[in-house]
Amino acid sequence: MSTMVYPREEKLEKLSQEEIISNTKLVIQGLEALKNEHNSILHSLLETIKCLKKDEEANLVHEKSNLLRKSVEMIELGLGEAQVMMALSNHLNAVESEKQKLRAQVRRLCQENQWLRDELANTQQKLQKSEQSVAQLEEEKKHLEFMNQLKKYDEDVSPTQEEKDRETPKDSLDDLFPNDEEEHGQGMQHQHNSAAVVAAQQGGYEIPARLRTLHNLVIQYASQGRYEVAVPLCKQALEDLEKTSGHDHPDVATMLNILALVYRDQNKYKEAAHLLNDALSIREKTLGKDHPAVAATLNNLAVLYGKRGKYKEAEPLCKRALEIREKVLGKDHPDVAKQLNNLALLCQNQGKYEEVEYYYCRALEIYESRLGPDDPNVAKTKNNLASCFLKQGKYKEAEILYKEILTRAHEKEFGSVDADNKPIWMHAEEREESKGRHRDNTPYGEYGGWYKACKVNSPTVNTTLRNLGALYRRQGKLEAAETLEECAARSRKQGIDPIHQTRVVEILKDTEGDRRKSRDSLTSVKYESGSETGEEA
C-alpha cells in the first residue's frame with residue numbers, strides 16, 4: 001500500500017505560491033493513485049467474501065473492507081481539498097490579473113488628472129488676466145466719465161490779454177514739475193529718465209500709466225490757474241485709489257504728492273505739508289526708507305519748507321534726500337547734482353556760503369562730466385554760484401562766471417571766438433571804452449554782430465545778460481550795462497520772456513549788513529522741486 005507524506009506546517013509557510021501549487025498537484029496525483037489502489041483491494045476483498053463460506057473468515061474480510069472504505073473516503077476528502085486549493089489558486093491568479101488592470105487604469109487616470117490640473121491652472125491664469133483687464137477698463141471708464149463731466153469747465157471763456165497783463169505774476173507749475181527739454185535737452189532726457197526708471201525698478205515700484213496721464217493733466221489745469229478743476233480731479237483720483245488699493249499703497253502716496261504740489265502752487269502750505277508727510281510715511285512703510293520715491297517726497301517737503309522760510313527744518317530733509325540718491329543712483333548722477341543745487345539754495349538763505357560754494361561746485365562738476373559743458377544745467381548752476389558770490393561781495397568771481405556763461409552760449413550758437421566773432425559782453429565793454437567816440441544813433445552794425453546774441457533762446461542766458469548788466473551798472477559801466485539790458489529786452493520781444501523779474505540791482509545796492517535779508521534777489525536763485533515726473537514717472 002502506498003503511503004502519503006505531507007510536508008510539515010513550518011515548511012508550508014516558507015513556500016511560494018508556485019511551489020504550493022506544484023506540491024498540491026503532486027499530492028493529487030498521489031491521492032489518485034492511492035484511491036485506485038484502495039479500490040482494487042476493496043474489489044478483490046468483495047470477490048473473496050463471495051467465495052468464502054465460513055463466518056469467521058467472512059467477518060474478518062468485512063472488517064478489512066470497512067477499513068478500506070473509510071480510507072477511500074479520506075482519500076476522496078483530500079482530493080476535494082486539493083481541488084479547492086487549485087480553484088483558489090486560479091481565483092488568485094484572476095484577482096492578480098484584475099489588480100494589474102486596475103493599476104494600469106489608475107496610472108492612466110493620474111495622467112489625465114495631471115493634464116486636467118494643468119488645463120485648470122492655465123484657465124485660471126487667463127481668467128485672472130481677464131479680470132485685471134476688466135478692472136483696468138473699468139478704471140479707464142470711470143476716468144473718462146469724470147473727464148466728460150469736466151468738459152463744461154473747458155467751455156469757459158478764456159481771459160483777455162488785458163486781463164492777463166493785469167494778473168500778478170506767480171510761480172507756475174513749471175517750477176514744481178520742470179520741463180525735461182529745458183532741464184536736459186532731448187538726448188539727455190531719455191538717458192536721465194532711463195536711469196530713474198532703472199532705480200525705480202530696483203526699488204520694485206513703478207508709477208502706473210494712468211497716474212502719469214493724470215499728473216500731466218493736473219499740470220495743464222494748474223498752469224492755467226484752473227485750480228477749481230485740478231484740485232477736484234486730484235481728490236477724486238485719490239478717493240478712487242484709496243477704495244481700490246487701501247490708504248497704505250504707493251499709488252496713493254504718488255497722488256498725495258501731486259495734490260500737495262497743487263496746494264503749494266496755491267500757497268496752501270499747511271495742507272501741502274500734511275499731504276507730503278502722509279505720502280512720506282506711506283512710501284517709507286511700503287517701499288523702504290532708501291527708495292528713490294522717498295527721496296522725491298523728502299525733496300518736495302524741503303522745497304515747501306524753503307518757500308515758507310523754514311530753512312533749518314528743510315536742510316536735514318534735503319540732506320537725507322541727497323544721501324538716498326547718492327546711495328541708489330551713485331554720487332555722480334545728474335539727479336544728485338539737482339539735489340545739491342537745492343541744498344545749496346537752502347544753505348545760501350542761511351548765510352552758509354562756504355557750504356553753498358562746495359555744493360554748487362560739486363553739482364557743476366557732475367553736470368559737466370555727465371551731461372557735457374553745453375547742457376543748460378551747467379549755465380544754471382554757474383548762474384546760481386555767481387549769485388552766491390554777489391551776496392558775499394565777490395563781484396569779480398561773479399563777473400567771471402557770467403562771462404563764461406555768455407561766451408559758451410555764443411560759441412555754441414556762432415562758433416569759436418575771434419576778432420570778428422566776439423561774445424556780447426566783449427562788445428559791451430568795447431562800447432563802454434569807446435562811448436565818447438560814437439554818436440548815440442550809431443547803428444548796431446558798426447559795433448559788429450553783438451546784437452545776434454539776443455537770438456540765443458535760453459532763459460538762463462537772458463537772466464545772465466540782465467545780471468551782468470546790473471553788475472556793470474554797479475561798477476559805473478553804464479554804457480556796457482545798457483548794451484546788455486537792451487539785448488535782454490530784445491530777447492523778451494522775441495518771445496523769450498523769463499519766468500521771474502530779476503532784482504539783482506537790489507543785491508548790488510544793498511550794504512553788507514542787508515545782504516542776508518534779500519533771500520530771493522536773483523532770478524536764478526530759486527528752489528527747484530523734485531518733480532513727480534522727473535523723479536518717478
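Predicted model: local features only at pLDDT ≥ 70, side-chain atom pairs only at ≥ 80, totals over all residues.
Colleague: What is the mean pLDDT of the protein chain, and which residues have pLDDT under 50?

Modeller: The mean is 75, and 72% of the residues reach 70 or more; pLDDT is the predictor's confidence in each residue, from 0 to 100. Residues 155-202 stay under 50, and residues 495-537 also stay under 50. The model has 66 contacts beyond four places in sequence for residues 155-202 and 133 for residues 495-537. A contact means heavy atoms within 4.5 Å.

Colleague: What share of the contacts in the protein chain with a separation of 6 or more comes from residues 24 or more positions apart?

Modeller: Such residues account for 69% of those contacts. As for secondary structure, the protein chain has 22 helices and zero strands. Helices (H or I, at least four residues) and strands (E, at least two) are DSSP runs, numbered from the N terminus.

Colleague: Why is Ala 321 called buried?

Modeller: Buried means under 20% relative accessible area, exposed means over 50%, and partly exposed lies in between (1.4 Å probe, protein chains only). Ala 321 has a relative accessible area of 0%, so it is buried. By the same cut-offs, 43% of the 537 residues in the protein chain are buried. Ala 321 is in helix 13 and, leaving out residues up to four places away in sequence, touches Ala 295, Leu 298, Asn 299 and Gln 339. Its C-alpha atom lies 9.7 Å from that of His 291, which is 30 residues apart from it along the chain. Other buried residues in helix 13 include Tyr 311, Glu 315, Cys 318 and Leu 329.

Colleague: What makes the span of helix 13 agree with its number of residues?

Modeller: The expected span of a helix is 1.5 Å times one less than its number of residues. Helix 13 (residues 311-329) has 19 residues and should span 27 Å; its end C-alpha atoms are 26 Å apart, so the two agree. Gly 330 follows helix 13 and has a positive phi, near 105°.

Colleague: Where is Cys 347, and what does it touch?

Modeller: Cys 347 is in helix 14 (residues 334-348). Its relative accessible area is 0%, so it counts as buried. Apart from residues up to four places away in sequence, Cys 347 touches Glu 315, Lys 352, Glu 355, Val 356 and Tyr 359. The C-alpha atoms of Cys 347 and Glu 315 are separated by 7.5 Å, although these residues are 32 apart along the chain.

Colleague: What describes the packing of helix 17 and helix 19?

Modeller: Helix 17 (residues 395-414) and helix 19 (residues 459-474) pack at an angle of about 145°, with their axes 10 Å apart. The axes are lines fitted to C-alpha atoms, for helices over the stretch in contact, and the angles run from 0 to 180 degrees between N-to-C directions. Among the residues making the contact are Tyr 395, Tyr 402 and Leu 406 of helix 17, and Val 461, Leu 468 and Arg 474 of helix 19.

Colleague: Is Arg 474 buried, exposed or partly exposed, and what makes it so?

Modeller: Arg 474 has a relative accessible area of 42%, so it is partly exposed. Helix 19, where Arg 474 has its place, has 13 of its 16 residues buried, so it is largely enclosed by the rest of the structure.

Notes: Residues numbered from 1 in each chain as written. Heavy atoms only, no water.
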